[in-house]
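Please examine the sequence and the three-dimensional coordinates shown here before reading the report.

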Amino acid sequence: MENNLFKHSANRLEAHLGKEACKFTKDDIKQVVSDLNIRMVNFMYPAGDGRLKTLNFMLHTPEYLETILTSGERVDGSSLFSFIAAGSSDLYVMPRFSTAFVDPFSEIPTLCMLCSFFDRDGNPLASSPEHTLHKAMAAFNKVTGMEFHAMGELEYYVIREDEGVFPADDQHGYHESSPFSKGNDFRMRAMQLIAECGGKIKYGHSEVGNFVENGRCYEQNEIEFLPVAANECAEQLLLAKWIIRSLGYEEGLDVTFAPKITVGKAGSGMHIHMRIMKDGKNMMLDGGKLSVDARRAIAGMMDLAESITAFGNKNPTSYFRLVPHQEAPTNVCWGMSNRSVLVRVPLGWTSGEDMCHKANNIEPLTARDYSIKQTVEMRSPDASADIYQLLAGLCVACRHGFEMENAEAEAERTFADGDIHDPKNAERYATLAQLPDSCAASADCLERQRKVYEEYDVFSPAMIDGIIKQLRSFNDRTLRQEIEGKEMMMEKLVRQYFHCG
């Protein structure tokens, strides 16, 4: 039965083995190597710059495959993370079998797996981003009795020579079809590869950003994923970025996830949706309305919003995106289906109406429960983020909401039901806190609120110190003011961080 269930899975290895990826064993990996004539194995792991790194193994004997699968390998931690000293830098990397996928780009049949970091004593590295997220999820479960799930919206620009035909309207590319959108086929190929490698995709589409500059066409796209356990969400986003970039390189296209491209054009975010689950039930709703638990989680994010930018907005161009009237947040507030707020509660199919029947009247009228779909969306992050740190920070913030005595009052105080940028609402929203306007200001916020992140030993002090040091090293406290109106300086800055994260 299990084989039949997964034989049509988009995940190539799930289909081949007839089982869920979370149940892959060492013997399954060996079977894949044999069945698919695999010649190389790649260990892949994120470093301090947020990018995946790769270690190649040539498979010459079955015994060697057994060795690397059971003992992993040594790596130089000081070359991967700034917080690790050269004098004690050796780390182990151990593959996680559930993350295995066949490299879609290698001419040599190659199996890849994401890895976890371990210290010299064989324990998970306390300061590794991946282990930090696991600790955050465990603390959330301990405090609330619930599980923390997340999904990402990955925005990026595809850049090619302008063809000069069927031009799309500037900044009106949202959900555009071909031939006005030139990048749809590329996006669909990327989606297929991501799914084959284990990503659980919800949908993809062209986004608002669309312009021509210096003979080059810039088209913004988005791929959105389905909600899964937060650690799986991080893995999917990491792999998706690697696949999109690699496919772009293979096809002679430039791709950027940079939060800002140029003045007056839509920047790219990496919005994160969240839900809290218990025994398979989504706890975000109660009787079709936003639950008290959801409001507590939102209150925690409101309280820690300014320091969350330290994990989700990691270079100076991030703060050129967080400006009014660009569908990016600037004030610490939340609202229902309101794109001017920091945390948005999107439509959740809560009307109880059978829209399928109404659109297709030959279909029988059916009572439908869509409660599993409701999420809340944090709109400040972008792809400069360390994905593990960001999700860990959001998990901490949601847990914090359950520990705040005034959570419901804070949720009520920060609720916004109108456009916060409309002058007629200026007085009403004047008391709302503002997001930081620079990496340096974000570091100050993290320094002030670090105790919450360090509780339950989630974020190590060394990691917090490293993040603060990194953010302050940009020396950008007044950069937004200094660069205003100076497009050449902006262009130079954008190029510097063009391939961030």
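## Basis of the model

This is a predicted model, in which local features need pLDDT of at least 70 and side-chain atom pairs count only at pLDDT 80 or more, while totals for chains, interfaces and linings use all residues. Residues are numbered from 1 along each chain as its sequence is written, and side-chain values use heavy atoms, with hydrogens and water left out.

## Domains and their interface

The protein chain is divided into domain 1 (12-125) and domain 2 (134-348 + 372-497), with bounds that come from an automatic or database domain assignment. Between the C-alpha centres of domain 1 and domain 2 there are 29 Å. Contact, defined as heavy atoms within 4.5 Å, links 16 residues of domain 1 with 15 residues of domain 2.

The size of an interface is often given as the accessible area lost when the parts come together. Here, buried area is the accessible area (1.4 Å probe) that two parts lose on being put together, summed over both. Domain 1 and domain 2 bury about 1500 Å² between them, and carbon and sulfur atoms give 69% of that area. On the side of domain 1, Leu52, Phe101 and Phe105 supply 37% of the area buried against domain 2, more than any other three residues.

## The largest pocket

Rolling a probe the size of a water molecule over the atoms shows where empty space is left. The search uses a 1 Å grid over the protein atoms alone: a cavity is a set of points where a 1.4 Å probe fits but cannot get out, a pocket is an open set with protein on both sides within 12 Å along at least five of seven lines, and lining residues have an atom within 4 Å of a point. Grid points are joined across faces, edges and corners, and a volume is the space filled by probe spheres set on the points.

The largest pocket has a volume of about 900 Å³. It is lined by 37 residues, of which Glu153, Tyr203, Glu224, Arg339 and Arg344 are the closest to its centre. Two or more lining residues come from each of strand S7 (147-161), strand S8 (201-213), strand S9 (216-225) and strand S12 (272-278). Helices (H or I, at least four residues) and strands (E, at least two) are DSSP runs, numbered from the N terminus. S8 gives the largest share of the lining, five residues. By class, the lining of the largest pocket holds 12 nonpolar, 11 polar and 14 charged residues, where Ala, Val, Leu, Ile, Met, Phe, Trp, Tyr, Cys and Pro count as nonpolar, Asp, Glu, Lys and Arg as charged, and the others, Gly among them, as polar.

## The enclosed cavity

The count comes to one cavity of 30 Å³ or more. The largest cavity contains about 50 Å³ of space, and its lining consists of Pro46, Gly50, Leu238, Ala385, Asp386, Ile387 and Tyr388. These lining residues comprise five nonpolar, one polar and one charged.

## Backbone features

The peptide bond from Ser178 to Pro179 is cis, with omega near 5°. Pro179 belongs to the loop between S7 and helix H6 (184-196).

For Asp457, phi is near 60°, and the residue is found in the loop between helix H13 (439-454) and helix H14 (461-472). With 60% relative accessibility, Asp457 counts as exposed.

## Individual residues

Glu306 is part of helix H8 (residues 292-312) and counts as buried, because its relative accessibility is 19%. Leaving aside neighbours within four places in sequence, Glu306 is in contact with Val332, Ala433, Gln434, Pro436, Ser442, Cys445 and Arg448.

Gly145, in the loop between helix H5 (129-144) and S7, counts as partly exposed at 37% relative accessibility. Not counting residues up to four places away in sequence, Gly145 touches Phe140 and Lys278. Gln496 lies in helix H16 (residues 487-496) and is exposed, with a relative accessible area of 53%. The C-alpha atoms of Gln496 and Leu55 are separated by 27 Å, and the two residues are 441 residues apart along the chain.

Conventions. Buried means under 20% relative accessible area, exposed over 50%, partly exposed in between (1.4 Å probe, protein chains only).
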